[in-house]
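Me: I would like to learn how to read the features of a protein model, one at a time, with the general idea given before the case at hand. Could we start from the surface and work inward?

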Amino acid sequence: MKRYLVLLPFCFLVVVMGAGIMRVQAQFGPPSPERQAAMAKQLALEESTPKLEITEEVLPLLIPGHTVGETEGVSMNSKGHLFVYSRTGTGGSSRGGTAAELFEFDENLKFVKIWGPDNYAASFAHSVRVDKYDNVWMVDEGSGMIVKFDPNAMVKMTLGRKPEAIDYMERYLERGEKVTERYPVGNMGTFNRETDIAWDKDDNMFVSDGYGNSRVVKISKDGNWVKTVGTHGSGDNQFSTPHGIASDMQGNVYVGDRGNFRIQVYDTDLNFKKTIGGVGAPWSVQVTPKYIYSGDGTGKIYRLDHDGKLLGWAQTSLGHGQSGCLIHEMHAVSDNVLIKGDCSTWTVEKITIK
């Protein structure tokens, strides 16, 4: 009987093979001392901070003859149409597969269509964002690609390059090569499991990149790669899973540095400005005219002012049968209304803060 160890952010998965049978066993270890200290500090802060009064509504999203799946990415356009990028479909796994679909629902939550069906980049959904021109941007972790659709669902730009399935099989199965660098320094022109995208007032793009690379990338509006900042670690200009990104019209870029329990703030030239703590593990970040919001996978939402002071927090998504990955991506409709998707309960929720 053979055992293979697969490392994930919060657990070990042991794949046990024998007698033609494969099964997966999750083996959870205790948090590291550093993580335990960060969690204790966060809980103490929450005890001294007001809880926000909220209402939660699970949106009734139905797709004829289909299942919505894991609702990783959520966003809205100027018409109030909801876009959901989900891990679902019939195409199989990430390498060479198309196991993700991008759905549109109208302002009444009626299903409209699938965007870019069976497209080459839709492997393992992570994020969807809509820019101020109502272009829709599909961020796919599995393919390492970002696809820009215009408001008519025509592809206008692709960023990154998908690892080819045949190359993967040849390199790792036939030749038996191994990846020796878990957190490589990324190249210009390609992502390594990127996570989110945002824009400044001049339409420059900022990408959090991501699970493999540990950096932020600035790309001009015409697709030229301008600058990257970041390596793996916990110091300034270092990241441990940059998982979400947002911007404001004052030229600030907010990077959710999930593994380091902080938001790092940059200017539009990617010069470091400051660090914001007290936000749990920021899986998703949104900025409104009044507030900064950070969403933790535990379902907690934190509200801060623009100076980074914690104003209040709320627990969401309990009672759905799951306790992890309850927030994966958030979209701020207004100062007091958020839409969130997750990767465990297969729902999209509207959160209204009273």
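**Reading the model, feature by feature**

Reply: On the surface, Tyr168, Met169 and Leu173 form a nonpolar patch with about 320 Å² of accessible area together. Patches are made of residues with over 30% relative accessible area and no salt bridge, like charges being joined within 9 Å and nonpolar side chains (Val, Leu, Ile, Met, Phe, Trp, Tyr) within 5 Å. The areas come from the Shrake-Rupley method with a 1.4 Å probe, and for residues only the protein chains shown count as cover. This is a predicted model, in which local features need pLDDT of at least 70 and side-chain atom pairs count only at pLDDT 80 or more, while totals for chains, interfaces and linings use all residues. Residues are numbered from 1 along each chain as its sequence is written, and side-chain values use heavy atoms, with hydrogens and water left out.

Me: Where does Leu173 lie, and is Leu173 buried or exposed?

Reply: Helices (H or I, at least four residues) and strands (E, at least two) are DSSP runs numbered from the N terminus, and Leu173 lies in helix H2, residues 165-174. Buried means under 20% relative accessible area, exposed over 50%, and partly exposed in between, with a 1.4 Å probe and protein chains only; Leu173, at 63%, counts as exposed.

Me: How many helices and strands does the protein have, and what are its overall dimensions?

Reply: The protein has two helices and 29 strands, and its C-alpha trace spans about 55 × 50 × 45 Å along the principal axes. The radius of gyration is taken over C-alpha atoms, and the globule rule is 2.2 Å times the number of residues to the power 0.38. For 354 residues a compact globule would have a value near 20 Å, and the protein, with 20 Å, agrees with this. Buried residues make up 52% of the 354 residues.

Me: How should I read strand pairing, and which strands form the open sheet?

Reply: Two strands pair if DSSP finds at least two bridges between them. Here four strands form an open sheet in the order E13-E14-E15-E16, with antiparallel pairing. Strand E13 (194-199) and strand E16 (225-229) stand at the edges with a single partner strand each, so one side of each is left without a neighbour in the sheet. The twist averages 20° from one strand to the next, where axes are lines fitted to C-alpha atoms (for helices over the stretch in contact) and angles run from 0 to 180 degrees between N-to-C directions. Strand E15 (residues 215-219) pairs with E16 over four bridges, and the bridge partner of Lys218 in E16 is Lys227.

Me: What joins E5 to E6, and which residue stands opposite Glu70?

Reply: E5 and E6 run antiparallel and are joined by five bridges, with Glu70 standing opposite Arg87 in E6. The two strands form a hairpin with five residues between them, and Gly80 in the turn has a positive phi of about 85°. E5 is mostly covered, as six of its seven residues are buried.

Me: How many salt bridges does the structure hold?

Reply: A salt bridge is a side-chain nitrogen of Lys or Arg within 4 Å of a carboxyl oxygen of Asp or Glu, and the structure holds 19 of them. In one of them, the side chains of Glu70 and Arg87 meet at 3.7 Å, N to O. This pair links distant parts of the chain, since Glu70 in strand E5 (residues 70-76) and Arg87 in strand E6 (residues 82-87) are 17 residues apart.

Me: How are the partners placed in the salt bridge of Lys156 with Asp150?

Reply: The closest N and O atoms of Lys156 and Asp150 are 4.0 Å apart. Lys156 counts as exposed at 54% relative accessibility, whereas Asp150 is buried at 12%. Salt bridges that share partners also join Glu70, Glu72, Arg87, Glu141 and Arg193 into one network.

Me: Which backbone details deserve a look?

Reply: The peptide bond from Asp209 to Gly210 is cis, with omega near 0°, and Gly210 lies in the loop between strand E14 (205-209) and E15. Ala153, a residue other than glycine, has a positive phi near 75° and lies in the loop between strand E11 (145-149) and strand E12 (155-160). Leu270 also has a positive phi, of about 60°, although it is not a glycine; Leu270 lies in the loop between strand E21 (262-266) and strand E22 (272-276) and is buried, with a relative accessible area of 3%.
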